[in-house]
Amino acid sequence: MHPLDEADVIMGLCADGTEDFDSIAKRFGQTDKWVQQRVALSDLIPAVKKAFRNCEMNLGTASLFTRLN
């Protein structure tokens, strides 16, 4: 699954307020940091998301863009 798709799923789980990062991390067998990183990807501007999805940049580069907000 693409990291942006993971971000969408996580945001959906958080939307109703019944899931927190810790429970989501446990659900996916990941860490809280991993959940936070995926949530940060959901805030990328559309042009960066498109480039990431089209393999014009890797996850590391996309993650760097999350730090510019």
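Tutor: Contact here means heavy atoms within 4.5 Å, and helices are DSSP runs (H or I, at least four residues) numbered from the N terminus. This is a predicted model, in which local features need pLDDT of at least 70 and side-chain atom pairs count only at pLDDT 80 or more, while totals for chains, interfaces and linings use all residues. Residues are numbered from 1 along each chain as its sequence is written, and side-chain values use heavy atoms, with hydrogens and water left out.

H3 spans residues 32–42, and its buried residues are Trp34, Val35, Arg38, Val39, Leu41 and Ser42. They lie on the same side of H3, because they cover an arc of only 155° around the axis, taken from the directions from the helix axis to the C-beta atoms. An α-helix has 3.6 residues a turn, so residues three or four places apart point the same way. Buried means under 20% relative accessible area, exposed over 50%, and partly exposed in between (1.4 Å probe, protein chains only).

Arg38 belongs to helix H3 and counts as buried because its relative accessibility is 9%. Leaving aside neighbours within four places in sequence, Arg38 touches Pro3, Glu6, Ala7, Ile10 and Leu59.

Arg38 also takes part in the contact between H3 and H5, together with Ala40 and Leu41 of H3; on the H5 side are Leu59, Ala62, Ser63 and Thr66. The axes of H3 and H5 come within 9 Å and cross at roughly 75°; these axes are lines fitted to C-alpha atoms over the stretch in contact, with angles from 0 to 180 degrees between N-to-C directions. The two helices are therefore roughly perpendicular, a label used for 65 to 115 degrees (under 35 is roughly parallel, over 145 roughly antiparallel, the rest oblique).

Trp34 is buried because its relative accessibility is 12%. Trp34 and Phe28 form a tilted aromatic pair, with 6.0 Å centre to centre and 45° between the planes. Rings of Phe, Tyr and Trp (its six-membered ring) pair if their centres lie within 6.5 Å; planes under 30 degrees apart are stacked, over 60 edge-to-face and the rest tilted. The structure holds 1 aromatic pair. Phe28 counts as partly exposed because its relative accessibility is 36%.
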